[in-house]
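Let's take a walk through a protein together. Have the picture open beside you and follow along as we go.

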Number of protein chains: 2
Amino acid sequence: MKPSGPLDRVAGAHDAAVLAVARRGEPVARTGLAEALQVTPQAISKILSRLSERGLMAELGSVSFGPGKPTTLYGIVPESRRAIGVHLTRTRLHGVVADLTGQILERREVEIDRGQPVPELISVLASAARDLARHGAGELLGVGVGMPGPVDPVAGVPLDSSSPTDAWRGASIRDLLLTELDMPVLVDHDSRAALVGESWSQPGLLDNAVLVLAEEGLGAAMRLDGTIVRGAHSRAGEAGHTVVRMGGRPCPCGRRGCAQAEYLAALEDDDQELAAEVLATVVLNLVRLVDVDRVVLGGRSIYAHHQVTMDAIRAALDRGLHAGAHGHVEVLLSTRGVDLIAAGAACEVLEHEYGLPSALVGPAAL
Amino acid sequence: MKPSGPLDRVAGAHDAAVLAVARRGEPVARTGLAEALQVTPQAISKILSRLSERGLMAELGSVSFGPGKPTTLYGIVPESRRAIGVHLTRTRLHGVVADLTGQILERREVEIDRGQPVPELISVLASAARDLARHGAGELLGVGVGMPGPVDPVAGVPLDSSSPTDAWRGASIRDLLLTELDMPVLVDHDSRAALVGESWSQPGLLDNAVLVLAEEGLGAAMRLDGTIVRGAHSRAGEAGHTVVRMGGRPCPCGRRGCAQAEYLAALEDDDQELAAEVLATVVLNLVRLVDVDRVVLGGRSIYAHHQVTMDAIRAALDRGLHAGAHGHVEVLLSTRGVDLIAAGAACEVLEHEYGLPSALVGPAAL
DNA sequence: TGACGTAACGCAACAGCGTTGGCTTAGTCT
DNA sequence: AGACTAAGCCAACGCTGTTGCGTTACGTCA
């Protein structure tokens with residue numbers, strides 16, 4: 001029964017909001033921010049001086065519009081902070097360092113043997129992180145890890161996976177990496193990381209959005225009213241195991257007609273059209289349920305045929321929502337390509353430290 | 001880019017939290033509340049004195065546990081405030097008055113002619129509300145209206161409906177009723193109202209829950225991390241038009257295999273088992289997507305065969321989630337029976353005034 | 001019966017964040 | 001040069017929660 005915002009959680013809410021506006025890249029001014037945040041210009045002055053003191057923002061100069069004292073412009077200082085992000089799969093590790101705005105400064109890629117035992121995995125992770133840490137300037141905030149399958153972001157533990165003989169299952173990757181690196185570590189589901197990454201660099205745009213990720217499986221993440229949805233057990237977004245064809249193809253999960261089973265089967269038959277139709281159904285169901293106005297698509301499986309897929313989904317949405325007269329739903333392809341999840345994991349660290357408090361509801365710990 | 005909690009929105013967050021705890025009915029004490037809210041006992045004293053001054057809570061007495069000064073007990077004053085709730089359908093109006101705890105004090109039921117023009121509808125609504133307003137004590141906070149189909153809760157306007165020649169379509173029920181009654185009016189989707197009502201009387205229990213409502217159609221509402229999901233255009237929860245059987249039965253919405261079409265067809269064939277299976281699929285899909293730990297079922301169509309339906313859904317959830325080792329998902333039948341939506345609409349008014357601010361994100365206006 | 005320990009509670013001063021009101025600064029326009 | 005205007009600073013204040021210390025009311029034990 002904890003209130004959403006005791007003073008110590010709200011402390012800095014306005015500071016974070018100013019930082020979010022500044023993240024867009026354009027210089028910001030006192031009056032505009034006051035308008036945007038619905039506070040007095042005087043409050044913005046105090047906020048900006050706090051942020052400047054922390055090195056997050058800096059005065060850029062001043063411009064004069066007509067009569068009166070010229071406006072002082074402020075801007076974010078991207079190189080003041082950094083975070084490392086890692087996309088971890090069973091066969092590959094893709095790592096990046098990103099600055100405060102989420103811009104990628106450097107990349108690393110490492111192959112992993114399938115079924116690699118946990119201690120080796122940790123040392124590969126740690127050495128990649130240490131390597132990446134040598135690039136860029138500014139305080140290093142921590143390491144984010146995005147991985148497929150359900151993950152407990154508080155404990156940093158992969159939960160059950162489809163293969164019960166999983167070497168990583170139940171391993172506290174977070175704690176092991178934390179002791180190895182002596183640096184905050186945040187572990188989360190890959191699609192959630194991806195959505196955080198997409199929205200960090202375009203603040204406000206994806207406040208009501210879903211991201212559908214098609215890598216080896218099919219996953220989703222949602223941001224509703226600006227808040228990332230985690231769910232009661234941090235398992236929100238298992239779109240791959242929602243049933244779209246009752247009585248359809250059997251799925252390893254034990255049910256029939258799961259979206260993922262139908263999608264993978266269509267790909268196996270090289271039926272791009274059917275695969276896109278399954279994806280479109282998943283997207284439409286999501287839009288109907290949570291009423292988002294933007295949908296982002298990403299993942300290797302989508303990049304391979306993105307033109308066909310995007311067209312099919314856009315067409316299906318136009319057909320499906322026309323009768324309902326939903327406002328237009330924008331369908332976007334991820335802006336980050338193969339860096340999607342690694343960049344997102346880095347942005348999760350940034351968001352944890354400097355994001356709006358509303359984005360942080362629910363369990364997530366560094 | 002507004003922050004989630006500027007001070008004036010947070011103002012009273014703790015007060016609301018105390019009120020929420022007290023709403024459970026049991027007397028509350030300083031120490032326990034301080035523990036629950038993570039503030040000092042001294043802060044609780046101030047909060048309780050503010051709430052007492054507003055008449056919302058009162059000192060109940062004191063009890064002594066062992067040595068030391070005895071604990072002063074406080075309790076909510078249910079009769080200090082009231083709200084009216086109305087469940088409006090095309091053929092019937094069901095209205096209630098509820099006290100601050102959501103307890104129903106009085107009911108009214110009025111038949112409506114199908115296709116009744118708007119001015120007549122408003123006068124029927126207003127007279128029912130005025131009648132109900134004579135019952136119970138305490139300040140009357142306003143009128144809540146819950147109705148099927150998409151609704152814009154800011155403007156209080158029913159949006160598109162399946163029948164394009166709808167007499168009510170686009171009518172600003174909120175504004176008309178407001179001028180007629182000179183009292184705050186809140187209009188919302190029926191399933192959302194129902195969920196607010198269920199959770200108001202059991203604060204905290206349904207912080208991560210969905211409610212599936214089966215009346216003439218099939219609807220849903222979600223509460224995630226304590227926040228009611230409204231969506232970008234207040235249309236979240238159209239579970240009836242999610243596709244569960246691609247290529248299945250045609251639906252008036254233009255697509256095939258929508259849950260609602262499959263469900264209604266099964267009922268028409270008097271195949272309770274299939275109907276329950278469709279419902280179970282909808283519920284399982286919801287659980288997979290947003291990972292709630294409680295599911296509430298309600299609506300006339302469910303009450304008719306609730307034993308069969310509940311058993312089928314529980315069985316399907318056990319089967320479907322076993323492989324995923326999800327935590328147990330509790331499936332509950334609505335506690336309010338036919339009052340579900342009317343009571344919920346009243347509770348929406350109460351929640352708007354005295355609920356936790358986190359529950360109020362998104363568009364909703366009185 | 002009185003002294004002592006204990007737990008709940010109140011009062012007063014303080015801290016953080018935003019607001020208000022008044023003043024200063026630095027430009028354009030006449 | 002002087003008037004006008006918009007931006008920005010300083011100081012005092014309001015609200016809410018915290019801290020420190022004193023007060024109250026109860027049980028227990030000598």
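This is a predicted model: local features need pLDDT of at least 70, side-chain atom pairs count only at pLDDT 80 or more; totals for chains, interfaces and linings use all residues.

What about polar contacts? Between domain 1 of chain A and domain 2 of chain A, the count is one residue pair. As for the residues on the domain 1 side that touches domain 2 of chain A, two are nonpolar, one is polar and two are charged.

Now step back to see where these pieces sit in the chain. Look at how domains 1 and 2 of chain A meet: five residues from domain 1 and four residues from domain 2 take part in the contact.

How much area do they bury? The size of an interface is often given as the accessible area lost when the parts come together. For domain 1 and domain 2 of chain A, that comes to about 400 Å² between them, with 66% of it on carbon and sulfur atoms. On the domain 1 side, look for A:Arg23, A:Leu56 and A:Ile76, which supply 69% of the area that domain 1 of chain A buries against domain 2 of chain A.

Finally, peek inside. In soluble globular proteins, nonpolar side chains tend to be buried together. Here the largest nonpolar core has 76 residues, and A:Leu317, B:Met222 and B:Leu317 touch the most other members. Apart from that one lies another core of 43 residues, including A:Val28, A:Leu37, A:Ala209 and A:Leu211.

Key:
Residues are numbered from 1 along each chain as its sequence is written. Chains are lettered from A and ligands numbered from 1 in the order in which they are written. Side-chain values use heavy atoms; hydrogens and water are left out. Contact means heavy atoms within 4.5 Å. Buried area is the accessible area (1.4 Å probe) that two parts lose on being put together, summed over both. A polar contact is a pair of N or O atoms within 3.5 Å; within protein, one must be able to donate a hydrogen and the other to accept it, and residues adjacent in sequence count only if both atoms are side-chain atoms. Ala, Val, Leu, Ile, Met, Phe, Trp, Tyr, Cys and Pro count as nonpolar, Asp, Glu, Lys and Arg as charged, and the others, Gly among them, as polar. A nonpolar core is a set of buried Ala, Val, Leu, Ile, Met, Phe, Trp, Tyr and Cys residues joined through side-chain atoms within 4.5 Å. Buried means under 20% relative accessible area, exposed over 50%, partly exposed in between (1.4 Å probe, protein chains only).
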